[in-house]
Amino acid sequence: MSEYLLAEKPCVDELIALGWQWLKPKDNELARDGLNQVILRKECIASIQRINGVDEETARAVYSDLLHIHDNQQFTKILRGEYSRTVPTQRDKKTIYLIDFKDISNNKFTVTNQLYVEAQKSRIPDVVLYVNGIPLVVIEAKNPLSGKDKNGEAFDQIKQYERDI
């Protein structure tokens with residue numbers, strides 16, 4: 001049996017059963033601004049508006065800022081709420097949150113699989129978990145019936161994704 005049937009599909013099915021919305025592989029390209037991007041545009045913009053009470057223009061500007069961040073530590077700070085910007089209705093800068101940590105039901109949880117990402121070395125992670133259109137978890141599925149220990153191989157692939165995507 002294939003890795004997909006034994007590992008990847010059961011993982012996606014379990015997440016769907018837990019309430020995650022599935023973005024089919026054929027649809028995940030359309031949800032992004034191109035194959036070289038990983039953020040789900042509409043989900044991210046809508047979530048920024050919903051969580052922060054800002055207009056679409058401000059949410060789109062935040063989204064645009066996010067597309068230009070390539071440093072994981074800087075992105076982690078933004079995820080923790082260390083990001084602010086001027087908004088049209090306020091004199092002072094407003095802190096912008098990407099995830100609602102106070103009301104978890106205010107977040108949108110999405111799972112996709114076989115996410116093709118075009119880069120200098122293109123990659124296809126098996127399963128990607130998104131919160132509000134932001135990719136937070138990458139899962140590299142391995143066939144549990146294989147007689148070989150695939151943990152090292154999976155770890156190496158995750159490190160490649162971290163480097164190349």
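To get the expected span of a helix, multiply 1.5 Å by one less than its number of residues. Keep that in mind, and remember that what you're looking at is a predicted model.

**Stop one: helix H1.** Select residues 3-17, which make up helix H1. H1 has 15 residues, so it should span 21 Å, and its end C-alpha atoms are 20 Å apart, which agrees. Now zoom in on Lys9: H1 has a kink of about 35° there, shortly before the proline Pro10.

**Stop two: what H1 hides.** Highlight Ala7, Glu8, Val12 and Leu15, which are buried residues of H1. What lies over the buried residues of H1? Show strand E1 (21-23), strand E4 (109-113) and strand E5, which are among the elements covering them.

**Stop three: the largest nonpolar core.** Pick out Ile39, Ile48, Leu66, Leu98 and Ile134: these have the most contacts inside the largest nonpolar core, a set of 27 residues. Which one gives the most? That's H4, with five residues.

**Stop four: around Ile48.** Centre on Ile48 and skip its neighbours within four places in sequence; you'll find it in contact with Gly53, Val54, Ala59, Val62, Tyr63, Ile96 and Leu98.

**Last stop: another core.** Finish by selecting Leu40, Leu115, Val128 and Tyr130, which are among the six residues of a second, separate core.

Key: Residues are numbered from 1 along each chain as its sequence is written. This is a predicted model: local features need pLDDT of at least 70, side-chain atom pairs count only at pLDDT 80 or more; totals for chains, interfaces and linings use all residues. Side-chain values use heavy atoms; hydrogens and water are left out. A nonpolar core is a set of buried Ala, Val, Leu, Ile, Met, Phe, Trp, Tyr and Cys residues joined through side-chain atoms within 4.5 Å. Buried means under 20% relative accessible area, exposed over 50%, partly exposed in between (1.4 Å probe, protein chains only). Helices (H or I, at least four residues) and strands (E, at least two) are DSSP runs, numbered from the N terminus. Contact means heavy atoms within 4.5 Å. The bend at a residue is the angle between axes fitted to the seven residues ending there and the seven starting there.
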